[in-house]
Amino acid sequence: MKKKFKGIGIFLMALLILQVFAACSNSTSSEDDEKTSDSKDTEERITLRVMDWADSEKVYREQFIEDFEKRHPNIKIEYTLLTSDQFQSTITTAIKSGDAPDLFPIPPGMKLGTAVAGDWYQPLDEYLDDEFKNRFMDGVFVEGLTMQDGKTYTIPAKLDLPNTLVFYNKQLFRDAGLDPENPPKTHTEFAEAAKKITEASDGNAYGIIEGSKTIVRWKNPIVDWSALGGSGLNPHSPLSLVSNEADYTSEPVLEVMNLFQGMMEDGSYHPKTLNISAPEARALFGQGQAGFIIQGEWCIGVWQNENPELDFGVMAPPVPDSGQEGFLPRPNFQPWLGMAKTSEHPEAAALYLKEYYSKDYQSVLVKAGDRFTMLKDVNETAAEIPQFKQYYDIAMENSRLAPSVEIRNPEASVVFGNYKDPQPGLGDILQGVMAGALEDPTDQLEMLSENVNTSLEQALEAAKAEGAEVSIDDFKFSNWKPNQDYTAEDYEAVR
Amino acid sequence: MKEIIQTKSKVKISSKKKTKWKTELWCWVFLLPTLVLFAMFQGWPIVASWYYATLDWSGLTPDSTFVGMDNFINVAKDPYFWNAFKNSFIFMLGTIPFHLFLALVLAVILHKPGLKAANLFRTFIFLPVVTTTSIVGIIMVFIWGSDGSINDTLVKIGFLDQSINWLGDAKWSMFTVILVSVWKNLGVNLIYWLAGLQSIPQELYEAADVDGATGFRKFFHITVPLLIPIGTIILLLNVVNSLKAFDLIKTMTNGGPFFATDVVSTYIYRYAFTSEMGLPQLGYASAAGLFFAVTIVIIAVIQAVVTNRIKGGRNI
């Protein structure tokens with residue numbers, strides 16, 4: 001019996017060894033085949049590598065790449081989609097080893113000046129003509145944001161609008177006896193509506209849902225909604241445009257915190273809020289489990305595809321009961337996609353950019369409700385989803401273009417390069433309040449204000465030591481008016 | 001004659017030396033791949049992180065500034081680092097007793113000869129070990145959610161009046177994470193203990209049976225003493241693994257709510273890879289990692305010294 005097993009064992013072993021050799025020979029022959037075909041195509045076919053973290057665009061991008069390769073059979077696109085965290089570590093290693101993708105975006109938090117100083121990108125002007133640049137809205141190619149020393153280095157991803165508008169479920173409104181065509185306008189009305197929805201839903205739905213684990217989804221509403229109350233907070237600077245200091249204990253900030261805290265205490269928040277991330281919250285809203293969610297326009301396309309039966313509307317954020325004292329701060333265009341300095345195929349990369357930022361492809365994204373484009377007239381003509389159009393109108397009506405420190409003084413990017421973001425931040429503190437870990441956030445907010453002021457002072461000193469001509473005055477905009485867009489003329493006036 | 005004997009013994013010694021030298025050489029040859037891999041993937045990163053810890057560097061840009069011990073000083077000054085430090089030890093102390101004692105009890109039960117379906121139970125207990133931790137974390141968020149099945153069951157059987165937000169409530173989140181970690185890693189400790197139990201010679205139990213020893217006495221006088229060496233290794237492995245816990249906490253709570261489950265690994269990750277405004281701080285994160293490692297070494301040394309002194313005192 002033992003001998004029999006031994007025999008089988010030897011046979012199996014021999015079979016395995018044979019298989020290994022066979023596999024080796026197969027792989028060698030397939031490699032040979034590839035080499036032969038490669039050598040045939042080497043002269044014509046090039047591989048263009050693109051890397052980013054635009055996950056919401058994945059389906060459309062794959063189709064775009066397929067079509068692009070059909071139109072240009074000599075170019076193969078190698079597209080890598082990562083999360084933004086993965087991207088940060090991957091791109092650093094790739095650049096250091098001289099293996100950067102041909103096209104890649106600037107990592108979150110980094111300013112153009114820092115990337116250019118690190119020799120990451122090459123100027124695009126040689127490859128992209130005026131016809132290309134003329135496709136874009138005014139303000140896309142601006143010194144300090146996408147340009148440095150008169151040269152264009154990056155192209156933004158989209159038209160940035162405030163991402164803190166409120167989506168509401170019309171069916172739950174009707175079930176709670178609320179008028180879906182007349183959504184709440186003030187903090188108190190908002191809280192009352194959420195409470196009514198919770199009560200009317202009998203545990204099947206709740207007033208509001210958020211993704212607490214995505215800290216920025218707590219921070220953004222505080223920044224934006226408190227700006228409606230006159231806090232002067234904005235996404236471009238750690239300082240308030242009103243007080244010219246890091247001021248996180250102002251009345252408008254506390255009012256918004258109290259609003260959310262009160263809604264948590266009265267049971268209006270979906271019980272899952274504290275355990276989930278933003279995409280999960282978005283999915284639960286899509287399933288009709290909450291009356292409100294504070295989100296950006298990218299959700300519309302997702303709900304359109306995944307929850308076609310969802311009957312929802314878009315509304316402006318509620319203003320303080322005492323009245324509106326400001327507008328939502330509308331961000332300037334942010335630098336995004338650039339061409340690696342080491343790219344061996346700049347012409348092909350430029351061709352990719354031209355087609356990516358074509359009216360045809362950008363219209364696909366707008367039509368799908370994925371984003372608002374920066375191309376002139378496309379948002380107006382391509383948007384089909386009613387809520388998407390509505391979002392655009394409400395966001396534009398209720399926001400004003402915020403001033404940018406880097407547009408005013410491009411050397412300020414060195415300050416941001418040295419700025420150490422203090423923790424816990426605004427989002428962390430609100431999360432603590434909502435979880436019941438912080439009963440009174442005032443101490444934490446005071447500490448945050450102090451830490452931000454100190455961090456900014458240290459960053460300014462470090463930037464000056466590196467030779468940047470910057471001062472705290474670059475962060476103060478004396479001619480900013482809360483009810484007006486900050487324009488090129490305004491920058492000129494304070495320079 | 002004497003000379004011949006001396007020459008023979010010299011030849012013997014030199015050939016012994018040669019054999020010893022050859023054996024040592026072969027030992028090193030066999031060790032070489034491991035040493036090379038260790039140097040590449042463990043040694044070098046450790047050396048590099050010491051270097052990074054002395055820099056003011058985001059990890060993204062080529063420019064960095066040498067800041068000496070500043071990062072270490074800032075780490076020591078940050079109350080949130082000490083909160084994460086404390087949480088790491090709470091997590092360790094919460095998981096290890098279960099991993100040691102519960103796993104041992106289960107191993108003894110499952111090791112009993114003739115136990116029906118022992119293999120089935122072993123498989124069930126081991127199953128979570130082979131499941132990806134991050135997936136377990138995501139699923140557990142739903143199971144332990146305020147309207148999840150745990151709450152649902154506890155309310156239905158009358159154990160709770162109203163559901164508890166196990167992960168969203170700062171008072172319960174660490175307890176929940178510990179519990180899930182215990183469930184996830186119990187199987188691997190069970191296997192270690194089973195291996196230890198199987199190495200105990202059966203004759204000892206047979207001899208004890210002849211002497212009329214009870215099961216209880218056999219356990220404490222044969223099993224436990226013979227398991228102490230492997231128990232020490234299991235303890236060490238668990239200490240190391242629990243202090244560097246990351247994926248489960250990252251996916252279940254992300255260190256929240258408001259840092260209630262923030263351990264040193266999630267603290268390091270936050271500084272190394274994320275920043276809402278400005279760039280991440282890789283230099284600072286490296287310093288936090290090293291500070292933690294050095295502190296553990298100091299604690300271990302103090303503990304070893306104290307233990308030795310106590311032992312010495314007893315000997316006297």
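Me: How much area is buried between chain B and chain A, and what share of it do carbon and sulfur atoms give?

Reply: The area buried between chain B and chain A is about 3,400 Å², where buried area is the accessible area (1.4 Å probe) that two parts lose on being put together, summed over both. Carbon and sulfur atoms give 54% of this area. The structure is a predicted model, in which local features need pLDDT of at least 70 and side-chain atom pairs count only at pLDDT 80 or more, whereas totals for chains, interfaces and linings use all residues. Residues are numbered from 1 along each chain as its sequence is written, chains are lettered from A and ligands numbered from 1 in the order in which they are written, and side-chain values use heavy atoms, with hydrogens and water left out.

Me: How many residues make the contact between the two chains?

Reply: On one side stand 38 residues of chain B, and on the other 40 residues of chain A. Contact means heavy atoms within 4.5 Å.

Me: Why is H2(A) called roughly antiparallel to H13(A)?

Reply: The axes of helix H2 (residues 58–71) of chain A and helix H13 (residues 359–367) of chain A come within 10 Å and cross at roughly 160°. Angles run from 0 to 180 degrees between N-to-C directions, with axes fitted to C-alpha atoms, for helices over the stretch in contact. Under 35 degrees counts as roughly parallel, over 145 as roughly antiparallel, 65 to 115 as roughly perpendicular and the rest as oblique. H2(A) is therefore roughly antiparallel to H13(A).

Me: What makes the contact between H2(A) and H13(A)?

Reply: Tyr60(A), Arg61(A) and Phe64(A) of H2(A) meet Tyr361(A), Val364(A) and Leu365(A) of H13(A). These residues divide into five nonpolar, no polar and one charged. Ala, Val, Leu, Ile, Met, Phe, Trp, Tyr, Cys and Pro count as nonpolar, Asp, Glu, Lys and Arg as charged, and the others, Gly among them, as polar.

Me: Why is H3(B) called oblique to H7(B)?

Reply: Helix H3 (residues 79–111) of chain B packs against helix H7 (residues 173–198) of chain B at an angle of about 40°, with their axes 6 Å apart. That angle makes H3(B) oblique to H7(B). The residues of this contact comprise 20 nonpolar, nine polar and no charged.

Me: Why does the pair H7(B) and H9(B) count as roughly antiparallel?

Reply: H7(B) and helix H9 (residues 215–243) of chain B pack at about 150°, their axes 9 Å apart. They are therefore roughly antiparallel to each other. The residues in contact include Trp193(B) of H7(B) and Leu227(B) of H9(B). The residues of the contact of H7(B) with H9(B) divide into seven nonpolar, five polar and no charged.

Me: Where does the UniProt record place transmembrane regions in chain B?

Reply: The unreviewed UniProt entry gives this annotation to residues 25–53, 89–111, 123–144, 172–195, 219–240 and 284–306 of chain B. Such annotations may be inferred rather than shown by experiment. In the model, residues 89–111 of chain B are 100% helix and 0% strand, and their end C-alpha atoms lie 32 Å apart. Residues 284–306 of chain B are likewise 100% helix and 0% strand, with end C-alpha atoms 33 Å apart. Helices (H or I, at least four residues) and strands (E, at least two) are DSSP runs, numbered from the N terminus.

Me: What is the form of the peptide bond from Gly256(B) to Pro257(B)?

Reply: The bond from Gly256(B) to Pro257(B) is cis, with omega near -5°. Pro257(B) is found in the loop between helix H10 (247–252) and helix H11 (264–273) of chain B. In chain A, the peptide bond from Gln423(A) to Pro424(A) is cis, with omega near 0°.
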